[in-house]
Amino acid sequence: MKSLIILCVMLMLFGVGCGPKSSDERVHLRSGLSGGSLGHNVVTESIKGVFEWLSGAGIVIDEAVMNRDNAAGLPQLFIAGHNTSSKTKRFRYRVEWLDADGLVIDTRASTWLPMSAMGKSPFQIKSVATRPQAVNFRMDTRKWE
Amino acid sequence: MNSRLLQIIALASIVTGGCGGSKPTNIDIVNDEGKSVMALDYRDFDKAASEMVQSMLGSGALKKKDGGRYVVATGRIVNDTMQRIDTDQLMAKVEEELMNSGQVVMTSAVGSGTDQLIHESRELRESEEFDQNTVAKRGTLIAPELSISGKIFQRNLRYDSKNQQVEYYFQLKLSDATSGLRYWQKESLIGKRGSNKSVAW
């Protein structure tokens, strides 16, 4: 039994970071597409799932960029993030735009919108302000009910 | 005496507790965490309108080169779903946001948003009862430069023996009223899966 646990831990250690690899970083080969490997099999996937659950893997926001680089010259927001979990994470987000005084601009476009990030994948959110006076933003998220 | 009073209160609470359904409550429309329904609800219209408006404004199709505002009319929005939908549920939100963007002025003279009084007031030109200086003159209405038209339609699919899939498509198009050229269009899809017992109309 003890040796089985040691074997599982070793498999897991070997398996971390050894997912199916693509020759181009921009192309993400999902597990199960390129066949099983030492690092990618039913045992290691199950153990990794438990570790992910324990470590609270999920959505991570990497960057938020605001500019006016669209054809209309309206403020727009790009949020880049990634899902550290191996499972698809579904959530809702709402972007509220703020004026120069930091007050929320009341707009019908600020509503809860759905987002889905596949496991171990990056995602991007784009939002366009419907008022030119928007200078800043705040974004809220919540679970997909 | 006290025990008698307690008995009456307990009896009253049992009797009233068993009567009627749950108490009506107001929906928190800002942060509604209620379950989805198979039919279209206000959250679906909010989502579709938000996506449409952001896409239309962000495309630059409404940005006038001289900095002025386009005159826009709402054309026909077809409801091709099995539900009784007032398409203003979508268009009122879209029009409101377009006008508040400062890039557009909507017209009530033509299109589906026509204000009949604008035309009725012009019939007063012959009336001696009205001061003719206050009656709208000929050739004062402004014609629309752009028109928005669209469609909402629904597809019902059998998902498995117990569940159905309902797809709602929101489509809007923005066209130049003079040339007929289309400058922008978008489709927003809302899909729902649920029990066959749920009615989607």
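**Reading the model**

Reply: Start with one side chain: a polar atom in the side chain of Asn67(A) lies 3.2 Å from the backbone nitrogen of Asp69(A). A polar contact is a pair of N or O atoms within 3.5 Å; within protein, one must be able to donate a hydrogen and the other to accept it, and residues adjacent in sequence count only if both atoms are side-chain atoms. This is a predicted model, in which local features need pLDDT of at least 70 and side-chain atom pairs count only at pLDDT 80 or more, while totals for chains, interfaces and linings use all residues. Residues are numbered from 1 along each chain as its sequence is written, chains are lettered from A and ligands numbered from 1 in the order in which they are written, and side-chain values use heavy atoms, with hydrogens and water left out.

Me: Where is Asn67(A) placed, and which residues is Asn67(A) in contact with, leaving aside neighbours within four places in sequence?

Reply: Helices (H or I, at least four residues) and strands (E, at least two) are DSSP runs, numbered from the N terminus. Asn67(A) belongs to strand β1 of chain A, residues 59–67. Contact means heavy atoms within 4.5 Å. With neighbours within four places set aside, Asn67(A) is in contact with Leu74(A), Pro75(A), Gln76(A) and Phe78(A).

Me: How many residues does each chain bring to the contact, and what area is buried between chain A and chain B?

Reply: The size of an interface is often given as the accessible area lost when the parts come together. Buried area is the accessible area (1.4 Å probe) that two parts lose on being put together, summed over both. Here chain A brings 20 residues and chain B 23 residues. About 1800 Å² is buried between the two chains, and carbon and sulfur atoms give 50% of that area. On the chain A side, Ala72(A), Arg108(A) and Thr130(A) supply 30% of what chain A buries against chain B, more than any other three residues.

Me: How many cavities of 30 Å³ or more does a search of the whole structure find?

Reply: On a 1 Å grid over the protein atoms alone, a cavity is a set of points where a 1.4 Å probe fits but cannot get out, and a pocket is an open set with protein on both sides within 12 Å along at least five of seven lines; lining residues have an atom within 4 Å of a point. Grid points are joined across faces, edges and corners, and a volume is the space filled by probe spheres set on the points. The search finds 1 cavity of 30 Å³ or more. The largest cavity has a volume of about 80 Å³. Its lining has 14 residues, and closest to its centre are Val95(A), Ala109(A), Ser110(A), Ser127(A) and Gln54(B). β3(A) gives the largest share of that lining, 4 residues.

Me: What space lies in the largest pocket, and which element gives the most to its lining?

Reply: The largest pocket holds about 1000 Å³ of space. Of its 36 lining residues, Arg92(A), Trp112(A), Arg43(B), Asp44(B) and Lys47(B) are the closest to its centre. β5(B) gives the most to the lining, with 6 residues.
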